[in-house]
Amino acid sequence: VKTPLRPLLIQPARSFAEAWSAFWFTPADPTVLSFLRVCTGLVLVYVLVATTPLLEPLYGPDGMLPRETMNRLRLDTPWMLPNPGHDEVEPPMVRYRPMVDNEEVFAYRRAWNIDPSVVYARGLPQFSPFFHLTTSRWVLVWHLAGIAVAVLFLLGLWTRVVSVLTWAIALGYCHRASPALFGMDTMMAILLFYLMFAPCGATLSLDRLIERYRDGARALRGHAAPLSPAPGPSVSANVVTRLLQVHFCIIYFASGASKLQGAAWWNGTAIWMTWSNYEFAPPKFEFFTPALQWVAQSRWLLEAIMTGGAAFTLALELGFPFLVWRPRWRPVMLVGAVLLHTGIAVMMGLVAFSLFMMVIAASFIPAQTLKRVLERVFKGPARLWLAYSSRQRVGVRLAAAVHAVDPYGQVALIDAGKPGREGPVDGPLTAPRLGAGDEEGVSGYPLVERLTRSLRVLWPVALLTWLPGASRLGRALAPGEREAREKEAVGAGR
Amino acid sequence: MATVDRGLERGPEGGVPVPYRAVLAGVGITFAALVVQLGSRGQLGGPAVAVALGGLLVAGAGLATGLKRWREGAGAGGLWALAAVACGLGHVAVGPAWDSLALLLTVAAWVAGAAALLAVLPARWRRLALSLAIAAHFAAIATAVAVVPPRDGNAPWLAQQVWTRFARPYLLFTNLNNGYHFYAPDPGPTSLLWFRVQYADGTSRWVRIPDHSQCDTHIEARRWGALCTFVGQSAPADPRHFEEVVKLRQKRPDIPAGPGPAASQYRPPTTQAQILIADYAGYVARTAAHPEGEGPAVTGVKVYRVDYHNPPIKHFADGHPPIDPAQYQPFYMGEFDASGKIKPESLKLTHDSRGILGHTEQDPLLYWLIPIVRVKEDGSPAEPGEGRVINFVRKHAGDPDEESVP
């Protein structure tokens with residue numbers, strides 16, 4: 001039906017709905033969220049480990065924030081609604097509950113100096129095992145369990161369940177010690193809350209490794225080439241990425257807009273006030289104070305630095321939410337955010353806060369760009385082959401494991417047990433062998449050593465092979481073919 | 001993209017699909033926890049909680065596995081519904097002794113129930129529901145931003161209403177209740193706490209929070225700092241009561257008033273801050289070792305809440321030490337006994353039998369600024385870095401040294 005309203009209302013509404021749907025519900029690659037999970041996990045593990053010395057005062061039953069008091073605040077804190085009228089000097093008293101006289105009401109009046117009938121809501125919606133653990137030993141046990149869960153989250157093992165657990169555990173710390181919270185805790189909560197809804201273990205995770213291993217083993221047992229297609233785009237990945245991006249924009253805009261109310265951000269002294277606050281963050285470098293004193297002696301230099309810093313902060317915080325959506329401006333905005341938060345970390349000592357902010361900002365990195373960077377970092381020059389026999393269970397397992405840890409296909413898998421195969425290995429294959437080009441190849445522990453040192457993805461594991469005694473132990477447990485032959489020859493000589 | 005199975009298909013293994021078995025097992029374990037809780041009448045609260053959490057983990061694992069097979073439709077909806085049942089059972093199983101976990105499980109049950117409904121909705125309706133949830137979520141976040149009052153006025157009335165009625169419970173639960181007014185409108189002073197611990201043998205020592213020399217990481221330093229900031233919240237003084245405290249303040253002419261109007265020098269803490277300051281004092285009394293090791297008991301702890309303001313730029317330009325004692329603004333929070341109870345000499349509140357506050361007796365200096373001033377030889381105020389410091393906090397606390405700060 002054609003109506004005069006159609007072009008005015010319906011078309012714009014439809015356009016808005018289509019744009020909204022495209023913005024939120026277009027499937028997206030989960031790689032960025034997996035990357036955010038790893039970064040969040042790293043900072044979270046650090047934060048939890050650094051919290052260990054504070055267990056007793058902040059989470060212990062008889063600490064500075066005693067269990068009894070925190071439970072009292074959790075259950076009884078009064079919340080009031082604002083005055084319902086307009087500018088009355090004595091506003092009418094609104095009672096949300098009937099007036100009752102009993103000992104509980106009297107105790108509440110004594111404790112909070114307010115009548116419970118006029119309180120709109122009582123208590124704080126908080127949860128934490130620390131509210132209920134009655135001994136320091138159990139507090140420590142729970143803390144260690146929390147660190148273990150955070151490590152699983154970092155590694156991406158059982159990510160779907162672990163991400164929910166991580167959120168609940170991390171918030172347990174926040175809720176129990178709410179007077180000790182600062183900006184970092186909100187940023188941590190933002191990341192963990194959104195990542196909980198995302199397929200953030202789809203890649204860069206042990207879950208993915210296990211999936212690739214299973215795919216590989218299944219294919220290799222059937223004499224087929226293992227194929228593990230990259231995790232496909234998903235709507236949930238896009239929704240969560242957008243949630244992070246929009247939330248980050250709100251943070252920046254609110255922060256920038258609220259600064260406009262302050263004189264110090266207009267006249268540039270705000271930066272000085274944050275840099276010279278030795279009670280907030282005592283400087284870590286000896287040259288800091290002489291440098292500050294030197295800068296303070298030149299008004300022009302000082303004003304240039306301070307006004308420039310304040311203008312940069314305001315321009316970035318107010319400009320970011322609008323410009324970051326433009327592909328041409330996005331790198332500029334992201335570099336600006338990294339510079340700002342590096343400055344905050346170095347000058348004000350808010351390291352974990354800044355790292356979490358940078359992680360949220362990283363949600364703006366396009367998946368393709370991130371993949372290219374990851375490939376450049378982790379795909380090294382090594383080109384290897386692994387000869388194995390699909391008739392041997394150990395060979396299939398090893399080949400599947402190599403397939404799992406080799407996302408860039410740097411190791412060619414050669415099935416020596418397959419009829420009519422061609423490759424660098426001649427003769428019967430007694431054990432899987434790893435080599436490059438026309439080499440004879442190595443087996444046993446030397447294979448592990450070579451593989452871990454050649455594939456950059458495995459470099460963290462390769463560090464273990466450099467531990468004193470690791471090589472000797474490895475060769476004793478799993479001697480290579482050459483070592484076995486030499487051993488045999490020595491035995492025959494005797 | 002993976003194929004989406006709309007129906008509740010059986011697995012290749014036949015019978016009940018494996019994910020369903022796992023979730024059902026989780027429901028069963030959680031139910032067992034409930035039986036333990038109810039059967040023992042709360043005596044086995046701890047074990048019941050452990051069993052319930054185990055059951056929920058099993059159910060969660062089954063749900064995660066199942067959602068790989070069914071992303072939507074009856075298969076996914078059924079799994080979510082069972083997960084909601086597990087959370088509901090868990091809510092009862094953890095019992096009243098672990099009531100905060102019961103709250104978490106109640107919310108989890110509602111979320112799982114909503115997910116079950118979403119899973120069976122047609123795609124278009126599901127997107128509409130998700131869109132509404134996203135809009136409501138960001139509306140709550142925006143409320144948290146708007147509810148922070150500007151410097152010289154009130155927050156919007158509407159934001160306050162929405163905040164208290166709807167957004168606050170949601171954002172406090174998720175710990176997203178931040179106004180994001182970082183260092184705004186202007187960077188403020190740094191909050192500190194000074195405690196003067198008095199021992200029975202007449203000796204005393206000072207404890208300061210945060211003590212940066214005792215902090216290994218910035219997390220520790222910031223956590224201690226946040227504890228001080230939290231108790232720095234002041235309650236607005238009742239104008240009628242304020243006239244009385246101003247008169248009372250005049251009974252201590254030996255501690256002069258600081259510069260500025262009287263209203264800015266009287267900072268009564270909020271009720272929450274009063275409760276926490278008492279606990280801080282008790283903790284300090286328990287943990288502050290006597291200066292000579294094992295020693296006599298603590299007889300009192302005087303607490304000062306301190307704002308530290310940066311020295312002006314000229315102070316640095318003139319090459320003075322970066323920390324200036326006269327930039328500390330300490331407010332006396334009272335004297336507490338070793339158990340963390342405020343001494344009656346500092347504050348005595350008298351309530352009638354119905355709990356209504358009747359009479360208040362307080363130390364003349366309670367909640368007042370105790371100045372640290374810099375004066376010239378003639379006694380007139382001096383610029384930072386010049387003249388000498390008179391530290392009235394030391395004098396008030398009973399220390400002979402008047403210059404240095406704790």
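This is a predicted model: local features need pLDDT of at least 70, side-chain atom pairs count only at pLDDT 80 or more; totals for chains, interfaces and linings use all residues.
Colleague: How many residue pairs are in polar contact between chain B and chain A?

Modeller: Residues are numbered from 1 along each chain as its sequence is written, with chains lettered from A and ligands numbered from 1 in the order in which they are written. A polar contact is a pair of N or O atoms within 3.5 Å; within protein, one must be able to donate a hydrogen and the other to accept it, and residues adjacent in sequence count only if both atoms are side-chain atoms. With both residues at pLDDT 80 or more, the number of such pairs between chain B and chain A is 35.

Colleague: Which helix gives the largest share of the side of chain B that touches chain A?

Modeller: Helices here are DSSP runs of H or I, at least four residues long, numbered from the N terminus. The top contributor brings 12 residues, spans 157-174 of chain B, and is helix α6.

Colleague: Which residue of chain A forms a salt bridge with B:R223?

Modeller: A salt bridge puts a side-chain nitrogen of Lys or Arg within 4 Å of a carboxyl oxygen of Asp or Glu. For B:R223, the closest N and O atoms are 2.8 Å apart, and the partner is A:D185. The pair crosses between chains, running from helix α7 of chain B to helix α8 (residues 183-195) of chain A, which holds A:D185.

Colleague: And how many salt bridges span the interface of chain B and chain A?

Modeller: Another example joins the side chains of B:R208 and A:E279, at 2.6 Å from N to O. Across the interface, the rule finds a count of 4.

Colleague: Which strands stand at the edges of the sheet in chain B?

Modeller: Strands are DSSP runs of E, at least two residues long, and two of them pair if DSSP finds at least two bridges between them. The open sheet has 4 strands with antiparallel pairing, in the order β2-β1-β3-β4. Two strands have a single partner each, so one side of each is left without a neighbour in the sheet: these are β2 (204-209) and β4 (328-336).

Notes
Side-chain values use heavy atoms; hydrogens and water are left out.
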